[in-house]
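Here is a friendly walk through some salt bridges and backbone angles of one protein model. Please keep the structure open as you read.

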Amino acid sequence: MSKRLLPLIPAGLTVVRVLPTPDCVTIVARPLAEHACCPDCGAPSRRLHSRYERRMLDLTWQGRPVALHVQARRFRCLAPACPRQTFTERLAGVAALAARRTERLGAVQRCLGFALGGCPGSRLAERLAMPVSADTLRRMVVRAAAEAMPPGTPRVLAVDDWAWKRGHRYGTILVDLERNDVVDLLPDRQAGTLAEWLRRHRGIEVIARDRASAYADGARQGAPDAVQVADRWHMLRNLGDAMRALCDRHGAAARRAARDTPVLMPERTEPDPEPKPVRPTRAQRASAASLARRQARFEEAARLRAAGVPIARIAAQLGAERKTIRRWLALGCAPTWAKPPRRGGVLSAYACHLDRRWAEGCSNAALLWREVSGLGFTGAYSTVRGWARRRRAETVTASDGKARRHMAGEPPSPRQMARLLTAEADAVPEGDRAFLARLLAQAPALGQAAAIAKRLGRLLRREGDDSLYRVLADAVHTQLADFAAGLGRDRAAVQAALDTPWTTSPAEGQINRAKAIKRSMYGRAGFPLLRARVLEAA
């Protein structure tokens, strides 16, 4: 084989001969340099001691692996003061000491490991004629990440947690907010781990974090001079959770208020607008076209049959089976293949009675169940209760052009009640205002807490001219006193969130990226490989 057909071999080597086989290409090469330098004293030497052969893998050639056999040499060190008598020449730029692959092949395999991980990268390397085991790929990736130059210390750092397994095991992600890049991953979310990392990276001026006490303590221990900024989104979420818990404790008052609230039926002042024509979907258009083709074939078959043509000849002429033509002619039309009509439920026989009683204003599921049981219904009470719940969901009232769920004796959920309490007065639907008025009359303390929550929400959204000090002072005598006390203990970070533009929101996108990389490895790889891949992606 001509040497000109071979790819370029690493610099510093010359080809001696080529030994091609169907499965592999073996290249015998030797170094070009006439001398080598001692690795201890650096003195050059031309005095040859012996030769030996180094075998390593190189980049592929036309889909075949390449084995590189280098005729390496051993020299004698001529420096009298050097303790080393003999040394082997280093193949700088070709392969590391005692390596079994060239540096350029290792670079390609490392790229596969960074991009895919262990097992997927090993499978792709096998297809590319660069076989390497999954464990070797992991070691190469982790070693490369450890030897890489650490990123510079960021000025503004975001600290947030990410889940190995939600509710069981968590880690910490550190993001440079000015460059929006991942700085590092920590295997847990302990204060000591964060503090130790911050001590090794001096110069951080701002730390944006959530309200976790572990991160606050870690930032205080590791970077006492840095300004801590609490994330406003997390505080708004914590405020919503506190209001939902408060509404849950006032469930009895909510039920009484819902029971006393009259049912508002919509007044029909205008006729219903005509429904807009619905454009058929692509599947519906294809089904209609197929039905038209079948109908045309049926009409042709019926015409030929009326002319006395035998079934076999009609089937041959139309390109169909005889049984198909016979079935179509017996049916009298082309088959539509439509789905059979949906069967009625167990309450279908009593639908008229239930609809009439519901229209009369009876919405008590237990009473309706006893009535239909007297008419012969043998089903359970839960069936009628589910029917009544669906009817309540379908009953809507028109208020400012918006539809709302009907509350006929049934209070909203704590989440919905918290939204109604913290919404502005003009944003509450008209049908819900009567319920809110009765609820606040039943539980005045809930109204006081809702007023504080509104003020704090506007403050965290940077609306209005209220101050954090006044809001926290006014919240002391309300049922949000515990939540306000927690904000007061972290008051400096909360005030910094109101005064500075920093937030941990960019860290959420980086967490999604880290989770995508973690899931691509199917959970078999450990933290070192995940950290290396995330930092390489950054």
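This is a predicted model: local features need pLDDT of at least 70, side-chain atom pairs count only at pLDDT 80 or more; totals for chains, interfaces and linings use all residues.

Residues are numbered from 1 along each chain as its sequence is written, and side-chain values use heavy atoms, with hydrogens and water left out.

Let us begin with β5 (residues 48–61) and β6 (residues 64–76), which pair in the antiparallel sense over eleven bridges. Pairing of two strands requires at least two DSSP bridges between them; strands are DSSP runs of E with at least two residues, helices are runs of H or I with at least four, and both are numbered from the N terminus.

**A buried pair**

Glutamate 89 sits in the loop between β7 (86–88) and α1 (103–116). With a relative accessible area of 6%, glutamate 89 is buried (buried is under 20%, exposed over 50%, partly exposed in between, using a 1.4 Å probe and protein chains only). Arginine 73 is buried too. The two residues form a salt bridge, and because arginine 73 belongs to strand β6 and glutamate 89 to the loop between β7 and α1, the pair ties together parts 16 residues apart in sequence. Leaving aside neighbours within four places in sequence, glutamate 89 has contacts (heavy atoms within 4.5 Å) that include Pro31, Ala36 and Phe75.

**Salt bridges**

The whole structure holds 27 salt bridges, each with a side-chain nitrogen of Lys or Arg within 4 Å of a carboxyl oxygen of Asp or Glu. Three of them are listed here.

| Pair | Closest N to O |
|---|---|
| Arginine 73 – glutamate 89 | 3.0 Å |
| Arginine 179 – aspartate 181 | 2.8 Å |

Both arginine 46 and glutamate 34 are exposed, whereas arginine 179 is partly exposed at 44% relative accessible area.

Most residues other than glycine have a negative phi. Which value does phi of glutamine 62 take? Phi of glutamine 62 is near 55°, a positive value. Glutamine 62 belongs to the loop between β5 and β6 and counts as exposed, at 66% relative accessibility. Arginine 462 also has a positive phi, near 60°. Its place is the loop between α16 (444–460) and α17 (468–474), and at 40% relative accessibility arginine 462 is partly exposed.
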